[in-house]
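Dear colleague,

Please find below the structure that I am handing over to you. My notes on it follow directly after.

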Amino acid sequence: MSVPARRRLKRLFALTRGRWVWLLLGIVLSLATLAGSVALMATSGWFITAMAMAGAAGATSFNYFTPAAIIRAAAIGRTLGRYGERLVTHEAVLRLLAGLRGRLFATIEPAAPAILDGLHGADAAGRLQADVDRLQGAYLTVLVPSAVFLVVLIAAPLGLGWLDPGLGFLALGGLLLGGVALPLTLWAGDRKGGGPAAEEAACLDALRGGAVDLVQGLPDLLACQAEGAWIAALEEEGRRLDAAQRRRVGREALGSAGGGLIAGLSLWGALLVGIPLVGAGALTAPQLTLVALLLMAVFEAAQAMPAVAQALPGVGRALARIDDLMSAAEAQPAPGTAPPPAASDLALKGVTFAYPRALRPVLKDLSLDLPAGGRLLVKGPSGAGKSSLIALITGLRRPDAGRLTLGGVDLAELDPEALRRRLAVAEQRVCLFSGSLRDNLLLGRPGAPPEALRRALALSGFGPVLEALPDGLDTQIGEGGRGLSGGEARRLGLARALVMEAPLLILDEPLEGLAPDQGRAILSGLAEALQGRTLIVISHLAVPTGLFDRTLDLSGPDLGGAVIDPSIGGVG
Ligand SMILES: Nc1ncnc2c1ncn2[C@@H]1O[C@H](COP(=O)(O)OP(=O)(O)OP(=O)(O)O)[C@@H](O)[C@H]1O
């Protein structure tokens, strides 16, 4: 077995740990149900034939109590078994699902966004939804039928072989043909990653990603008049999905027809082998009926196997994708556990950072000291690495070399939650949520009094907008803040960061979308209101430098490096 395959199997065992009792109980009950079916069919066949023969022979007495009791017990057992099996297997699947999705999320969450680089958002969501569904469905569609078939494959030939070796070989041959050869022939291509089931899964992934992009980017697509081409591409993907589904269903039909044919041929074979045995007195006629009906019952297990072979590649693919994601997350350094430091002076020492697969670092050998209460302006052209610097300070990214410390503690050692409590960030691309202004402002500090919300809105320049709203703080802003202009949304994002009252405030491009005078007034107000708290402002626009006690200029001749502006002093 290859190394990734072994790793994936280990992953599967780890993910299902704690659920094995339920999983095994489901398999045992499935076997008990099949045993009830076999006993019912075989005993009924034997009983009816034996009764008919006894009547034809004019027998005066016949013990029908025992077989009738067995038939009744088998019928009741089969019904109860089926009920119990459904109950237990579904319970097992639900328990599996609850654990699986939670564990997957808990593993990848601390490693985001680093491990989500290069992964489509819909793809990541697909891994959490469709792949997990496929994996937990594997229990019902793959594990239970395979385990039942394996037991039948051993028990049925041995049992029939005990009556007559020819019958045993016939059962073995029929079961191997229907339960192994037929599924392998039908779904062989899928093992190499091809086949309609795999293609169907790939089409669904592409459709999911394309549909999300279409909805999110509709205004831009409409503006570029590209929506037609986009929809046509989605329709093409839909047609591919349709074709793959047709091929899959066609093969499923072939599988069930082939399985029925093999079961029927085995029955004929049993009669061909059994009738001479009855003639020779080696088998009674009721025993032959028992054998025939028993074979029919055990073939139920073989007829489930084409569906197993069909589901396997999809399950393997889901497991591989989940394993890739979890392995990537586990390869990231573990989050720190240190509590928040008492002081909030920030220091960078020889920090170098590059994005994965990037040709050169965004930041190179960057050093900086910012005491608590300091005011830092970070400037530089677009793409110079200003937002990347924020990602490092907020602990979303880790430096490739050097270290960042807050209050003397390495950020890598700090509990991410603790670090986030010391920081408030007003992002360049603010993310607002459907709800009221109040709901959005309270996100970072639930329970903040309305006066604090109003003060923050006034400081961020949102005050005049608030005054014009009849519902005030209870105004609904719509999905993603669609009820606000871009500038209003950014000012609301700034107010949300201010409400948090964190010791360190980072503002990414706060002046964008504002008239120069208004921007200057807001920044001056902020600098005054935030006495004692550290302020980092990132801007590529001209800002009143007098408000800052240091400047970090990222616009060097080599944009990968950092040039510190020494004219203001204190930085280095
Ligand atoms: N997730 C990412 N993966 C790979 N490269 C990235 C990623 N994010 C940013 N970059 C690259 O890193 C460089 C710095 O980006 P960054 O967003 O830090 O610049 P910036 O100075 O904030 O720019 P702007 O002023 O336009 O916001 C850019 O060349 C950008 O293409």
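Axes here are lines fitted to C-alpha atoms, for helices over the stretch in contact, and angles run from 0 to 180 degrees between N-to-C directions. Helices (H or I, at least four residues) and strands (E, at least two) are DSSP runs, numbered from the N terminus. The model is a predicted one: local features need pLDDT of at least 70, side-chain atom pairs count only at pLDDT 80 or more, and totals for chains, interfaces and linings use all residues. Residues are numbered from 1 along each chain as its sequence is written.

The overall picture

The protein has 17 helices and 10 strands. Of its 572 residues, 36% are buried; a residue is buried if 20 or more other C-beta atoms lie within 10 Å of its own, exposed if 12 or fewer, and partly exposed in between, with C-beta atoms placed from the backbone. Among the contacts with a separation of 6 or more, 79% join residues 24 or more positions apart. Two residues are in contact if their C-beta atoms, placed from the backbone, lie within 7 Å.

Helix packing

Helix α2 (residues 20-56) and helix α3 (residues 65-108) pack at about 155°, and their axes are 7 Å apart. The two helices α2 and α3 are therefore roughly antiparallel, given that angles under 35 degrees count as roughly parallel, over 145 as roughly antiparallel, 65 to 115 as roughly perpendicular and the rest as oblique. Their contact has 16 nonpolar, 11 polar and five charged residues. In this classification Ala, Val, Leu, Ile, Met, Phe, Trp, Tyr, Cys and Pro count as nonpolar, Asp, Glu, Lys and Arg as charged, and the others, Gly among them, as polar.

Helix α6 packs against two partners. With helix α8 (residues 227-279), its axis comes within 9 Å at a crossing of roughly 155°, so α6 and α8 are roughly antiparallel. The residues of this contact of α6 with α8 divide into 13 nonpolar, three polar and seven charged. With helix α10 (residues 305-331), α6 (residues 195-216) packs at an angle of about 40°, the axes being 8 Å apart; α6 and α10 are therefore oblique to each other. Here Gly195, Ala197, Ala198 and Ala201 of α6 meet Gln310, Pro313, Gly314 and Arg317 of α10. By class, the contact of α6 with α10 has four nonpolar residues, three polar and one charged.

The ligand

The ligand is surrounded by 14 residues, of which the closest are Tyr355, Ser382, Lys386, Ser387 and Ser388. The shell consists of four nonpolar, eight polar and two charged residues.

Individual residues in loops

Leu473 lies in the loop between α15 (463-467) and α16 (486-499). Leu473 is partly exposed, with 17 other C-beta atoms within 10 Å. Although Leu473 and Arg438 are 35 residues apart in sequence, their C-alpha atoms are 5.1 Å apart in space. Not counting residues up to four places away in sequence, Leu473 touches Ser436, Leu437, Arg438, Pro450 and Leu453.

Glu501, in the loop between α16 and β7 (504-508), has a positive phi near 50° in a residue other than glycine. Glu509, in the loop between β7 and α17 (516-529), also has a positive phi near 50°. Glu501 counts as partly exposed, with 15 C-beta neighbours inside 10 Å, and Glu509 counts as partly exposed with 18.

Yours sincerely

Methods: A residue is near a molecule or strand if its C-beta atom, placed from the backbone, lies within 6 Å of it.
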